[in-house]
Amino acid sequence: MIPFNKPYMTGRELWYIAQAHANGHLSGDGPYTRQCHQWLRENTRASAALLTHSCTAALEMSALLLDLEAGDEVIMPSYTFVSTANAFVLRGAVPVFVDIRADTLNIDERLIEEAITPRTKAICVVHYAGAACDMDPILEIAERHGLKVVEDAAQALMSSYKGRPLGTLGDLGTLSFHETKNIVSGEGGALLCRDAAFAERAEIIREKGTNRSRFFRGQVDKYTWVDFGSSFLPGEITAAFLAAQFEEAATITSRRLGIWEQYHAWAGRHEASGLLRRPVVPAYSGNNAHMYYLLLPSLKHRTRFISLLKERGVQAVFHYIPLHSSPAGRKYGRSSGDLPVTCSVSDRLARLPLWIGVEDHLPQVLDALEGTVASL
Ligand SMILES: *Cc1c(COP(=O)(O)O)cnc(C)c1O
């Protein structure tokens, strides 16, 4: 069976972990964490980049930084992973779900304004599959209404909007290094702060509400409790693993793009049949080849597609039960209007295996896809 995902290791992870072990610094913010922070700052041009346990943790930090209170509203898509909403719900805020665009499956910027109420504090966008949301109109709406913008860029490292790295267009951006993402550390994530405004407080919230980071830099002579916070920083073992991955980020992206292009060329030959639709990457967006998905005509077709592929030894998966119709989404959030595109895509999307090493099996995968489409 060709699995849907297999995490890639560069080969240097264990060596760097051995170095961290030899350094004797195993808690957070040691040399490997600093190396990762520097790589992120250089490659995203964010003012500040802080490693976290996960993208979920970075989203929770964002909710803390925005000083959200019970009843405040955050506009977001419903077609996303639970953490996008959960992080804000933990602060008592209400996720307000908006439909997605039929092309990129990203939040439909034309529907944002009608979701705004006097309680709205922020817009949290998700760059699905690493394809950028149309950020210019979104930032313009946010500016006009005095709202903050958080980018859930969990899938979007190494992609861009009009040449600018995703995760750095909004006030705050969150990355994931979960083993299903392009660059991994098992579990892991980062918070990006576009400008200095949030950076200092983010450092404090990440370090249990203390100014310990300033103390380590010699900027204060003792450290103390100055704000609310929690422990959001990973240990050096995780950072050492991640440092090895960052060194190969460009190679990882180009190898993934090679696989993505092969799927895209194959699917292009079948698109006219109406049996499938390919992902759309607009001219304003980069492509980090995070995901290759197909849209089938109906839920019935999708179910049959996945099971026929499985019979042929290939694992395809679907995802996102819309948040607005899930039990917790109904309890804690509300929808702005009907969400027909979200509901339809949730029934029809299937994701194909895309991992480094699957190249060797691509003839078999494409063969299985060909047979599957022929008998759909
Ligand atoms: C993977 C993912 C997350 C969660 O990332 P973790 O690092 O596992 O917390 C959040 N949002 C989106 C859109 C994701 O794809």
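Okay, a quick word on classes before we start: Ala, Val, Leu, Ile, Met, Phe, Trp, Tyr, Cys and Pro count as nonpolar, Asp, Glu, Lys and Arg as charged, and the others, Gly among them, as polar. And keep in mind that this is a predicted model.

So, the ligand. Sorted that way, the shell around it has eight polar, five nonpolar and two charged residues. Which of the 15 residues around the ligand come nearest? Those are Thr56, Asp152, Gln155, Ser176 and Lys181.

Let's go through some of the contacts. Thr56 puts a polar side-chain atom 2.5 Å from an oxygen atom of the ligand. For Asp152, a polar side-chain atom sits 2.7 Å from a ligand nitrogen atom. Then there's Lys181, with an N or O atom of its side chain 3.3 Å from an oxygen atom of the ligand. As for cover, the ligand on its own has 390 Å² of accessible area, and the protein covers 92% of that.

Now, back to the helices. α3 runs over residues 55-65 and α4 over residues 82-89; their axes come within 8 Å and cross at roughly 35 degrees. That crossing is right-handed. On the α3 side the contact uses Thr56, Leu59, Glu60 and Ala63, and on the α4 side Ser83, Thr84, Ala87 and Phe88. By class, that's four nonpolar, three polar and one charged.

And notice Thr56 again: this residue of α3 takes part in the contact with α4, and it's also among the residues that come nearest the ligand.

Terms used: Residues numbered from 1 in each chain as written. Predicted model: local features only at pLDDT ≥ 70, side-chain atom pairs only at ≥ 80, totals over all residues. Heavy atoms only, no water. Axes fitted to C-alpha atoms, helices over the stretch in contact; angles between N-to-C directions. Helix = DSSP H or I, 4+ residues; strand = E, 2+ residues; numbered from the N terminus. Left-handed = near helix turned anticlockwise from the far one by under 90°. Contact = heavy atoms within 4.5 Å. Near = heavy atom within 4 Å. Polar contact = N/O pair within 3.5 Å; in protein donor to acceptor, adjacent residues only side chain to side chain. Areas by Shrake-Rupley, 256 points an atom, 1.4 Å probe, with all protein chains shown as cover.
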